[in-house]
Amino acid sequence: MPTGLDDLPIRDDLRGLRPYGAPQLDVAVRLNTNENSYPVPEPVVDAIGKAVAAELRDLNRYPDRDAVALRADLADYLGHGLTTANLWAANGSNEVQQQLLQAFGGPGRVALGFTPAYSMHPLLALGTGTGWVAGRRDAEFGLTADDAVAQVREHRPDLVFLCSPNNPTGTALDPAVVDAVLAAAPGMVIVDEAYAEFARPGTPTALALLPGHPRLVVTRTMSKAFGFAGGRLGYLAAHPAVVDAVQLVRLPYHLSALTQAAARAALAHRDVLLGTVAAIKQQRDRIVAELTGRGITVAASDANFVLFSVAGFAPGGDQRAVWQALLAHGVLVRDVGLPGWLRVTAGTPAETDAFLTALEAVRHVTAPSRKVGQ
Ligand SMILES: *Cc1c(COP(=O)(O)O)cnc(C)c1O
């Protein structure tokens with residue numbers, strides 16, 4: 001009788017793996033998964049409640065398979081002349097990207113990303129049997145058009161993943177990089193814009209590049225700026241032919257009637273929901289300013305998080321020890337596996353206070369006394 005995973009005839013490439021996911025710990029200050037710290041405002045709670053309730057009697061029927069009304073609302077939100085035919089939605093942008101890999105990747109095909117970037121991209125590649133090439137960035141996490149194009153030419157990937165603003169570094173890509181990659185890539189180019197709403201003024205979106213680029217896909221999500229992570233709604237904008245392609249691999253009724261109704265109600269109240277974005281950007285800029293003022297190196301951020309260096313911290317600038325010490329002070333941040341760096345989400349002013357206080361304590365308390373001259 002099987003007693004564990006290893007006893008089952010699981011795929012060879014999954015053998016020995018552990019499920020991915022940030023620790024979900026019951027801590028007072030949770031700044032580890034870039035959620036929006038503000039709860040859904042009461043008027044929006046009411047509107048979503050009514051919209052969901054209106055669906056309940058008809059739950060004996062399958063939902064609109066094509067989610068047409070929701071896609072029309074998403075097109076309206078994005079603007080840029082996009083229509084329902086350009087939009088596709090799924091349970092989070094993770095599912096959207098999985099569908100893109102199912103349609104354009106798969107066994108014998110390869111996807112390229114520029115590390116460090118979103119850790120789900122290689123995992124989605126793995127799950128769909130798509131080969132993964134971990135491309136490089138420079139020492140400051142930058143990516144120039146020339147460097148990106150050289151890596152695309154070297155690997156000739158079927159899909160390229162770009163992430164702008166990039167997670168975990170926070171920086172938006174120079175649009176020249178997207179342009180150059182589009183020109184050089186033989187296959188699909190996916191620009192993950194999960195944090196677009198937090199970008200600093202003047203940061204362009206790849207949506208503007210969609211006309212004339214049928215191999216470009218821009219993915220977005222309601223998980224971050226909209227504060228709708230629990231609602232699970234992500235989407236893409238692309239040429240209508242791309243939407244046709246993902247419909248070949250999507251499950252027939254992947255998006256529940258409840259999800260569609262809730263997301264539409266949330267979109268109808270987008271001014272209220274997105275009302276927290278300005279306050280969150282203030283906290284992001286405050287974290288950057290405070291940390292820089294304390295001599296801590298940070299990566300410039302267009303997102304709702306900040307990647308900061310613990311190089312000057314003791315013991316030995318080990319981010320795992322600093323992560324643990326912050327947790328002991330009731331603040332959960334993210335160890336993204338980058339030696340010497342941690343990522344913190346920008347939340348409420350009180351959460352920033354707690355983070356900064358904990359950081360000061362940790363910086364000094366964890367420093368071992370050094371003996372000079374030995
Ligand atoms: C958080 C995040 C997402 C969101 O995924 P959902 O499935 O929409 O919740 C997508 N891309 C990046 C880079 C992210 O950080």
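The legends below describe close-up views of a predicted model.

The model is predicted, and local features need pLDDT of at least 70, side-chain atom pairs count only at pLDDT 80 or more, and totals for chains, interfaces and linings use all residues. Residues are numbered from 1 along each chain as its sequence is written, and side-chain values use heavy atoms, with hydrogens and water left out.

**View 1. The buried side of helix α2 (residues 68–78).** Helices (H or I, at least four residues) and strands (E, at least two) are DSSP runs, numbered from the N terminus. L70, R71, L74, A75, Y77 and L78 of α2 are buried, where buried means under 20% relative accessible area, with a 1.4 Å probe and protein chains only. Because these residues cover an arc of only 160° around the axis, they lie on the same side of α2, the arc being that of the directions from the helix axis to the C-beta atoms. An α-helix has 3.6 residues a turn, so residues three or four places apart point the same way. The partners against which the buried residues of α2 pack are β2 (87–90), β7 (216–221), β8 (234–238), α7 (240–246), α8 (257–268) and α9 (270–273), contact being heavy atoms within 4.5 Å. After α2 comes G79, with a positive phi near 70°.

**View 2. T130 in the loop between α4 (120–127) and β4 (131–135).** T130 counts as buried, at 5% relative accessibility. Its side chain reaches the backbone nitrogen of G106 at 2.8 Å, and the T130 side chain also makes a polar contact with the side chain of T128 (2.8 Å); a polar contact is a pair of N or O atoms within 3.5 Å, where within protein one must be able to donate a hydrogen and the other to accept it, and residues adjacent in sequence count only if both atoms are side-chain atoms. Leaving aside residues up to four places away in sequence, T130 touches L101, G105, G106, R109, V110, A111 and A125.

**View 3. The largest cavity and its lining.** A cavity is a set of points, on a 1 Å grid over the protein atoms alone, where a 1.4 Å probe fits but cannot get out, and lining residues have an atom within 4 Å of a point. The space in the largest cavity is about 60 Å³, a volume being the space filled by probe spheres set on the points, which are joined across faces, edges and corners. N36, Y38, P39, V40, P41, F226, G227, V272, L273 and T276 line this cavity.

How values were computed:
Buried < 20%, exposed > 50% of the residue type's maximum accessible area, 1.4 Å probe, protein only. 1 Å grid on protein atoms, 1.4 Å probe; cavity = no way out; pocket = protein on both sides within 12 Å on 5 of 7 lines; lining within 4 Å.
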